[in-house]
Amino acid sequence: MNIRRVTFDHPDAVKLNDQVQAEYAVRYGDEGDVTPLDPSMFQPPVGLYLMAYDAQERPVATGGWRTQDENDEGYSDGDAELKRMYVVEEARGNGLARRILAALEDDARAAGRVRMVLETGNKQPEAIALYASSGYEPCVKFGHYRFHEDSRCFAKLL
C-alpha cells in the first residue's frame with residue numbers, strides 16, 4: 001500500500017468521503033456526518049489528509065487531522081481532531097487504518113499538537129476497537145455531536 005498526502009477536496013478523497021457518508025447513513029439512519037469541514041482545515045501545518053492506494057492505484061483508505069483549540073464545542077488547546085478515517089470494505093483487515101492513524105499521530109505531534117481527539121458512534125464497534133487498542137481512552141464529549149446519545153469521544157496524549 002502506498003500512503004500519500006492529498007487535499008481534502010482531491011477527487012479520490014471526495015470519492016471515499018462519499019462512501020463513508022453513505023456507510024454512516026446506513027448505520028445511523030440519517031444523512032451522514034454533517035460536521036462542517038473545509039479543505040483548508042487539513043492543510044499543513046494546521047492539519048493533514050492522507051490517502052492509501054493499493055497496487056492498482058485504487059484509493060482504499062483515508063484519514064485526516066485538523067487543529068482544534070479551546071472553544072465552545074468542548075475542545076482544548078493543543079488538540080488535533082481525527083476526521084474521516086475510512087477503509088473500503090474490500091481492503092479491511094489489512095492494518096491500513098492503524099497505519100494511517102500512526103502517520104496522522106506522528107504528523108500532529110510534529111506540528112506541536114499535544115492530544116489527538118476523535119468522535120465516533122456506538123454503531124461503529126470496529127472503530128471503537130481500533131482506537132481502544134491504539135491507546136485512546138473515553139473522554140468528555142466534544143464537537144458537533146456532543147449532545148447525541150450515540151456519540152462516543154476518545155482522546156490520546158501525543
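How many cavities of 30 Å³ or more does a search of the whole structure find? The search finds one. The legends below describe close-up views of a predicted model.

**Figure 1. The largest cavity and its lining.** The space in the largest cavity amounts to about 40 Å³. Its lining is made up of Thr35, Tyr75, Glu81, Lys83, Glu119, Phe142, Gly143, His144 and Tyr145. By class, these lining residues divide into three nonpolar, three polar and three charged. Gln68 itself belongs to strand β3, which covers residues 59-68, and is buried, with a relative accessible area of 10%.

**Figure 2. The largest pocket.** A volume of about 850 Å³ is found for the largest pocket. Its lining comprises 36 residues, and those that lie nearest the centre of the pocket are Tyr24, Met85, Thr120, Gln124 and Ala127. At least two lining residues are supplied by each of α1 (11-28), β4 (79-87), α2, β5 (115-121) and α3 (125-133). Strand β4 gives the largest share, six residues. The lining has 15 nonpolar, nine polar and twelve charged residues.

**Figure 3. Helix α1 and its buried face.** The 18 residues of α1 should span 26 Å at 1.5 Å a residue, and the distance of 26 Å between the end C-alpha atoms agrees with this. Buried positions in α1 are Ala13, Leu16, Asn17, Val20, Gln21, Tyr24 and Tyr28. Seen down the helix axis, these residues fall within an arc of 145°, and therefore they line one face of α1. The face turned away from this buried side carries the exposed residues Pro11 and Val26. Tyr24, one of the buried residues of α1, is also among the residues that lie nearest the centre of the largest pocket.

**Figure 4. The loop between α1 and β2, with Glu31 and Pro45.** Strand β2 covers residues 47-53, and Glu31 lies in the loop that separates α1 from this strand. Glu31 is exposed, with a relative accessible area of 58%. The C-alpha atoms of Glu31 and Gln21 are 7.5 Å apart in space, and the two residues are ten apart in sequence. Gln21 is one of the buried residues of α1. Pro45 is placed in the loop between α1 and β2 as well. The peptide bond that joins Pro44 and Pro45 is cis, with omega at about 10°.

**Figure 5. Helix α2 and the glycine that follows it.** Helix α2, residues 96-110, contains 15 residues. From its first C-alpha to its last it reaches 21 Å, close to the 21 Å expected at 1.5 Å a residue. Leu96, Ile100, Leu101, Leu104, Glu105 and Ala108 are the buried residues of α2. They lie on the same side of α2 because they cover an arc of only 160° around the axis. Gly112 follows α2 and has a positive phi, near 90°.

**Figure 6. Positive phi at Glu57 and Arg84.** Glu57 is a residue other than glycine with a positive phi, near 65°. The loop between β2 and β3 holds Glu57, which counts as partly exposed at 42% relative accessibility. Arg84 is likewise a residue other than glycine with a positive phi, in this case near 55°. Arg84 lies in strand β4 and counts as buried at 5% relative accessibility. Strand β4 is also the element that gives six residues to the lining of the largest pocket.

**Figure 7. Cys139 and Cys153, which are in no disulfide.** The structure holds zero disulfides. The cysteine sulfur nearest to that of Cys139 belongs to Cys153 and is 5.4 Å away. A disulfide needs two cysteine sulfur atoms within 2.5 Å, and Cys153, whose nearest cysteine sulfur is that of Cys139, is likewise in no disulfide. Cys139 counts as partly exposed, at 22% relative accessibility. Cys153, at 5% relative accessibility, counts as buried.

Note on methods:
Residues numbered from 1 in each chain as written. Predicted model: local features only at pLDDT ≥ 70, side-chain atom pairs only at ≥ 80, totals over all residues. Heavy atoms only, no water. 1 Å grid on protein atoms, 1.4 Å probe; cavity = no way out; pocket = protein on both sides within 12 Å on 5 of 7 lines; lining within 4 Å. Points joined across faces, edges and corners; volume = space filled by probe spheres on them. Nonpolar A, V, L, I, M, F, W, Y, C, P; charged D, E, K, R; others polar. Buried < 20%, exposed > 50% of the residue type's maximum accessible area, 1.4 Å probe, protein only. Helix = DSSP H or I, 4+ residues; strand = E, 2+ residues; numbered from the N terminus. Expected span 1.5 Å × (residues − 1). Arc of directions from axis to C-beta.
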